[in-house]
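Open the model in your viewer and keep the selection panel at hand. The tour goes from pockets to a single side chain and then to a group of rings.

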Amino acid sequence: MLLQQARVNKTIGIVFYFQGQYEQSLLSYQAALDYFQQQPFSAEIAIKQANLLNNIALVQTSQGDAVAALKSYQQAEPLYQRYGDEVDKIDVRYNLAVLYISLRRFDIAISMLKDVIAKREVIGDDYGVAQASGDLGVSYKHSGQYQQAEQYLSKAIAIRNKYERELEEIRSSLELVKVYFATNQDEKAYSILMQAIDKIIVFLH
C-alpha cells in the first residue's frame, strides 16, 4: 500500500504541476521521494529517485527558486549518469543548462548545450536538437556572441519549420530579430519580424 501511495503522490504531483499549483505539487513529489529514499537501494530505486528529483527541480524553477532547483538537479544527475539510459542523461543535462540560463551563467549553459546538441544528434532526436539550439542561440545572444546566436537560432527555426512547430518557431524568430537589431541589420530584422507576425496571425486563426 505504501508503494501504491508513493505512485499516487507522484501522479498527483504531475497534475498539480500542470495546473500551476506548485506548492501542492512539491509536497506530493516530496512525499513520493521520501518513500523511495527509505527503500533498499537498487538501480530501479535510483531512477525513481532521480525522476522525482528532476520533477522537483522543475517545480522549483517554476517557483523562481533557482538555487533549490540547482541542488535538486545536482542530486539527480549522478543517479542518471550511473543508472539511467542515454535519453535520461541527456535530458537532465539539458534541464540543468536551461537553469543556468535563468541564473545568467551563459558560459556554463553554452558548454552544456553544445554537448546536449551533439548527443541528441547522435540519437536522432531532431526536436530535442531544435530545443537545445534555440536555447544555445539565446545564450550566445545574451553573451554578445551574435554570429553564433544567429547560427543556432536559424538552426532551431529550420528544424521547427520542418516539423510545423509554429509557436516555438515564432519564439526563435523573435529572438533572431533581437540579434539582427543588436547588430544593426535592420532590414533582416524587419523581414524576419514580418514573417513572424504573419505566422502569429495564421496560428491565432
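Begin with the largest pocket, whose volume is about 330 Å³. A pocket here is an open set of points on a 1 Å grid over the protein atoms alone, where a 1.4 Å probe fits, with protein on both sides within 12 Å along at least five of seven lines; lining residues have an atom within 4 Å of a point. Grid points are joined across faces, edges and corners, and the volume is the space filled by probe spheres set on the points.

This is a predicted model, in which local features need pLDDT of at least 70 and side-chain atom pairs count only at pLDDT 80 or more, while totals for chains, interfaces and linings use all residues. Residues are numbered from 1 along each chain as its sequence is written, and side-chain values use heavy atoms, with hydrogens and water left out.

Select Tyr94, Gln131, Asp135, Arg160 and Arg171: of the 13 residues lining the largest pocket, these lie nearest its centre. Helices H5 (86–102), H7 (126–142), H8 (146–162) and H9 (166–182) each give two or more residues to this lining; helices are DSSP runs of H or I, at least four residues, numbered from the N terminus. H7 gives the largest share, five residues. By type, the lining has five nonpolar, three polar and five charged residues.

Next, go to the second largest pocket, with about 240 Å³ of space. Select Tyr17, Leu58, Thr61, Ser62, Tyr73, Tyr94, Asn95, Val98 and Leu99, which line it.

Is Gln60 buried or exposed? Its relative accessibility is 11%, so it counts as buried (under 20% is buried, over 50% exposed, in between partly exposed; 1.4 Å probe, protein chains only). Show Ser72 as well: a 2.8 Å polar contact joins the two side chains (N or O atoms within 3.5 Å, one able to donate a hydrogen and the other to accept it; residues adjacent in sequence count only if both atoms are side-chain atoms).

Finally, select Tyr17, Phe18 and Tyr22, a cluster linked by ring pairs (ring centres within 6.5 Å; planes under 30 degrees apart are stacked, over 60 edge-to-face, the rest tilted). Tyr17 is partly exposed at 22%. Tyr17 and Tyr22 form a tilted pair, 6.0 Å centre to centre with 50 degrees between the planes.

Technical notes. Nonpolar A, V, L, I, M, F, W, Y, C, P; charged D, E, K, R; others polar.
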